[in-house]
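Here is a friendly briefing to read with the structure open beside you.

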Amino acid sequence: MGIAVRLGSSATRLAVTAHSHYGFGGSLATGDFNSDGKADLAADSTQTTYIYRGGFAKSGTTGKVTKHVPSPSVADILEPTALVAGKVTKDKAADLYILGQGYKNDKVTQAAWFLRGGTTVKSGKFTTYNGSSPDYSPAGVIADFDKNGYGDLAVNDTPCNNGAGSVVALRGGASGPTTNYRLTQSTSGVVTAATKHDGFGYALSASDTNRDGYPDLAVDVPEEKVGSVTYAGGVHVLRGSKKGLTGTSSQWFTRATAGVPGSATQYSMFGRLYVRLRDRDRDGDADLLISDNGTPSVLLRAGTTPITTGSATEPTLRANFPQ
């Protein structure tokens, strides 16, 4: 077992002993966690997250390696299943959220553990956002949704409300996460209704789609019913604002939306393969890329006005288009 790190035109492998690092590398994240100007690599394994300091040599050697496991005062156990790197505090170092299943008082929960970057990476707040149901494939993204200078974490909680799903936003602060709030299909302005197993939040992506300076959030709902078509799916775009993410002026796109190529079909689960907000045409705002099961991708253009469907195209893109 190991991880291949690309160095220019070649790659090197970081060897790991399989017995002591079971499941090593299931989730990866990169960032300059100690602000020395070199990219570092975070990798998870069962109950442990490792941070490899850059730079990486072709021989497979690297800088200092540190292990991170929450203390008993933070959590009984945390099994990492996703890593999210980004700027949360206002210093120069990248920070890291470890998402996973936390065990507290013999109950399995979903949780986000914050590690603050710096010369020494420090343990921070442990936030439980679902106290009854685990999710072994969480998704999260960091962006400054309220434009106050601190990065916020948006993380999905798809088991919420009998699988209807939700998105939890953890506000960033001077030393890490502070308060949090939850968005669902019952949030004012969100046009679809919450029903069992919709999976609101299954995939997430963040960027500014209308040039107002606030990042927006694309939220996939893969099992949403569209008209009479079950499991057709769709994608919401929630707006960033001074108060954070909001359903006000949000947009909803499906294969049945006027101007979107194709038609809603059963089990297509629009957005399930990927949802990405990316400035594909380099005009200063993020466009929306969506792909589903078995049909071409959809690219919806953005501008100073919200995302429009009149300029929708079907590009040929790999399903694992980078997050």
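**Loop residues with positive phi**

Met269 has a relative accessibility of 13%, so this residue counts as buried. Please keep in mind that the model is a predicted one. The points below start with the backbone around this residue, then turn to aromatic rings and sheets.

- Met269 sits in the loop between S18 and S19.
- Although Met269 is a residue other than glycine, its phi is positive, near 50°.
- Gln47 is not a glycine either, and its phi is positive at about 70°.
- You will find Gln47 in the loop between strand S4 (40–45) and strand S5 (48–52).
- With a relative accessible area of 33%, Gln47 is partly exposed, whereas Met269 is buried.
- As background, most residues other than glycine have a negative phi.

**Aromatic pairs**

How many aromatic pairs does the structure hold? There are two, and each is described below. In general, the distance of the centres and the angle of the planes describe such a pair.

- In the pair of Tyr97 and Phe114, the ring centres are 5.2 Å apart and the planes are at 55°, so the pair is tilted.
- Tyr97 belongs to strand S8 (residues 95–104) and Phe114 to strand S9 (residues 107–116), so their pairing ties together parts that are 17 residues apart in sequence.
- Tyr231 lies in the loop between strand S16 (216–221) and strand S17 (234–239), while Tyr267 lies in the loop between strand S18 (246–253) and S19, so the pair ties together parts that are 36 residues apart in sequence.
- Tyr231 is partly exposed, with a relative accessible area of 32%, and Tyr267 counts as partly exposed at 48% relative accessibility.

**A charge over a ring**

- Which residue lies over the face of Tyr214? Lys147 does, at 4.4 Å from the ring centre.

**The four-stranded sheet**

- Four strands form an open sheet in the order S15-S16-S17-S18, and their pairing is antiparallel.
- At the edges are strand S15 (204–207) and S18, each pairing on one side only.
- On average, neighbouring strands of this sheet are turned by 25° against each other, direction ignored.
- S15 and S16 are joined in the antiparallel sense over four bridges.
- Ser205 stands opposite Ala218 in S16.

**The three-stranded sheet**

- Another open sheet has three strands in the order S19-S20-S21, with antiparallel pairing.
- Its edge strands are strand S19 (274–278) and strand S21 (298–300), and each pairs on one side only.
- From one strand to the next, the twist averages 15°.
- Strand S20 (residues 287–291) runs antiparallel to S21, and three bridges join them.
- Leu288 stands opposite Leu300 in S21.

Technical notes
Residues are numbered from 1 along each chain as its sequence is written. This is a predicted model: local features need pLDDT of at least 70, side-chain atom pairs count only at pLDDT 80 or more; totals for chains, interfaces and linings use all residues. Side-chain values use heavy atoms; hydrogens and water are left out. Two strands pair if DSSP finds at least two bridges between them. Helices (H or I, at least four residues) and strands (E, at least two) are DSSP runs, numbered from the N terminus. Axes are lines fitted to C-alpha atoms, for helices over the stretch in contact, and angles run from 0 to 180 degrees between N-to-C directions. Rings of Phe, Tyr and Trp (its six-membered ring) pair if their centres lie within 6.5 Å; planes under 30 degrees apart count as stacked, over 60 as edge-to-face and the rest as tilted. Buried means under 20% relative accessible area, exposed over 50%, partly exposed in between (1.4 Å probe, protein chains only). A charge sits over a ring if NZ of Lys or CZ of Arg is within 6 Å of the ring centre and within 35 degrees of the ring normal.
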